[in-house]
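Hello,

Here is the structure I promised to pass on. Please open it first, then read my notes below.

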Amino acid sequence: MTTTSIASMNIAVLGSGVVGQVLADGFLKHGHTVRRGSRDAAKLADWAAAAGARASAGTFADTAAWADLVVLAVKGSAAETVLDQTGPANLAGKVVIDATNPIADAPPDHGVLRYFTAANESLMERLQARVAAARFVKAFSCVGNAFMVNPQFEGGPPTMFICGDDADAKRVVTSLLDAFGWATEDMGTVHAARAIEPLCQLWCLPGMTGKGWRHAFKMLR
Ligand SMILES: NC(=O)c1ccc[n+]([C@@H]2O[C@H](COP(=O)([O-])OP(=O)(O)OC[C@H]3O[C@@H](n4cnc5c(N)ncnc54)[C@H](OP(=O)(O)O)[C@@H]3O)[C@@H](O)[C@H]2O)c1
């Protein structure tokens, strides 16, 4: 069994979008060293220059090769392609936090985001099957980017639902989520992504129907 250290890690954040930026800034804030990845590293040069000595940018492949842990924060429909571009060997054995959602290009229907996956499958299952040697953990997919790092709600810490097949990987991700101010609920194996990924549809629905975007989920018992 692999036991991964969680002190100060080299974290690759694959994604030049807002989620990549928020998570990269969050990991820097919490003492890690961060390299962001893109097909075109030049588009991240300004971010890297402004973010300080522990920040850098590169391609998907060289960013992942350098890292102890990888965060996948790319467009859901491109996620499998990005794994191919990253190179399975650069992900082998590593914890891969999967923040993606399988959002289709078609517009929402009555405020409900359309997915390109069916109900009895998930994007993370496809990703785990594509790179079997990586240790995927679903996280950050069920909340808007404004609340991913140290969210403040009157009701206390919200719940981050995670899943994945590797217990050590989920322990590492739970520790990172502890620092980010989340209460973590481990929902089980990679198959649980079938239930976690649709939480993005539910999270977005109030926003899509005019009820605002300031909320998060909390598990009560
Ligand atoms: N926005 C939110 O608040 C939120 C919340 C939870 C989860 N998520 C999920 O987080 C992920 C990232 O969201 P985002 O809004 O930050 O960014 P995004 O626009 O969904 O994705 C941008 C990233 O996808 C890559 N990409 C797009 N098309 C590609 C292609 N054909 N081939 C290779 N790479 C491609 C881009 O690569 P380049 O850098 O090379 O351009 C870029 O790094 C999504 O899966 C989203 O569903 C979003």
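An oxygen atom of the ligand lies 2.7 Å from a polar backbone atom of Val 74. I call this a polar contact: a pair of N or O atoms within 3.5 Å. The protein buries 76% of the 900 Å² that the ligand exposes when taken alone. Those areas come from the Shrake-Rupley method with a 1.4 Å probe.

For Ala 99, a polar backbone atom is 3.4 Å from an oxygen of the ligand.

A word on the model. It is predicted, so local features need pLDDT of at least 70 and side-chain atom pairs pLDDT 80 or more, while totals for chains, interfaces and linings use all residues. Numbering starts from 1 along each chain as its sequence is written, and side-chain values use heavy atoms, without hydrogens or water.

**The shell**

There are 26 residues around the ligand. Each has a heavy atom within 4 Å of it. Ser 16, Ser 38, Arg 39, Lys 43 and Val 74 come nearest. By class, the shell has 12 nonpolar, 11 polar and 3 charged residues. Gly counts as polar here. Helix H1 (18–29) and helix H4 (79–86) each supply at least two shell residues. Helices are DSSP runs (H or I, at least four residues).

Val 18 is in helix H1.

Best wishes

Terms used: A polar contact is a pair of N or O atoms within 3.5 Å; within protein, one must be able to donate a hydrogen and the other to accept it, and residues adjacent in sequence count only if both atoms are side-chain atoms.
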